[in-house]
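Visitor: I am new to this one. Please show me the sequence and the structure, and then let me ask a few things.

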Amino acid sequence: MEGFGFKLNNFYTKMKPKKDLEAIHKHDLRDMLKNLSLLEDFDNQKIKCQFCNDIIQEGNFGAIYTQDKKIMFSCSKLECLNKLPKK
Ligand SMILES: [Zn+2]
């Protein structure tokens, strides 16, 4: 797990929304999940929105971020995205 946080921070930076939230390309999302060893969980619908507990899928992926070195996901609902930690 060493260096994990660093890697994730890079993702976070890369994905930081420009103005409005930008849809992440499916390919990028899967690539990223693969890099984080989370693709299997994702495909098994084990990844849930941190805020509303919805299962995160390609169609409703909103954001990924770290909190206390844990990986958190948010769905694409505005009410959830608004709860994301501000940078
Ligand atoms: Zn949500």
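Visitor: What percentage of the residues in the protein is buried?
Guide: Bear in mind that this is a predicted model. To count as buried, a residue needs 20 or more other C-beta atoms within 10 Å of its own. The protein has 87 residues, and the buried share of them is 17%.

Visitor: In what order do the elements run from the N terminus on?
Guide: The protein has four helices and two strands. Read from the N terminus on, the order is α-α-α-β-β-α.

Visitor: Which element gives the most residues to the largest nonpolar core?
Guide: That core has 12 residues in all, among them Met32, Phe42, Ile64 and Cys80. Helix 2 (26–35), strand 1 (61–67) and strand 2 (70–75) each give two or more residues to this core. The top giver, with three residues, is strand 1.

Visitor: Which residues does phenylalanine 73 contact, leaving aside neighbours within four places in sequence?
Guide: Phenylalanine 73 is itself part of the largest nonpolar core. A contact here takes C-beta atoms within 7 Å. On that basis, the partners of phenylalanine 73 are Ile47, Lys48, Cys49, Gln50, Ile56 and Ile64.

Visitor: What is the phi of aspartate 68 near?
Guide: Most residues other than glycine have a negative phi. Aspartate 68 lies in the loop between strand 1 and strand 2. Its phi is positive, though it is a residue other than glycine, and the value is near 50 degrees.

Visitor: Is lysine 69 buried or exposed?
Guide: Lysine 69 also sits in the loop between strand 1 and strand 2. It is not a glycine, yet its phi is positive, about 65 degrees. It has 9 C-beta neighbours inside 10 Å, so lysine 69 is exposed.

Visitor: Which residues does proline 85 touch, not counting those up to four places away in sequence?
Guide: Proline 85 is in the segment after helix 4 (78–81). With 9 C-beta neighbours inside 10 Å, proline 85 is exposed. The residues it touches are Tyr65 and Gln67.

Visitor: What separates the C-alpha atoms of proline 85 and threonine 66?
Guide: Along the chain, proline 85 and threonine 66 are 19 residues apart.

Definitions and conventions
Residues are numbered from 1 along each chain as its sequence is written. This is a predicted model: local features need pLDDT of at least 70, side-chain atom pairs count only at pLDDT 80 or more; totals for chains, interfaces and linings use all residues. A nonpolar core is a set of buried Ala, Val, Leu, Ile, Met, Phe, Trp, Tyr and Cys residues joined through C-beta atoms within 7 Å. Two residues are in contact if their C-beta atoms, placed from the backbone, lie within 7 Å.
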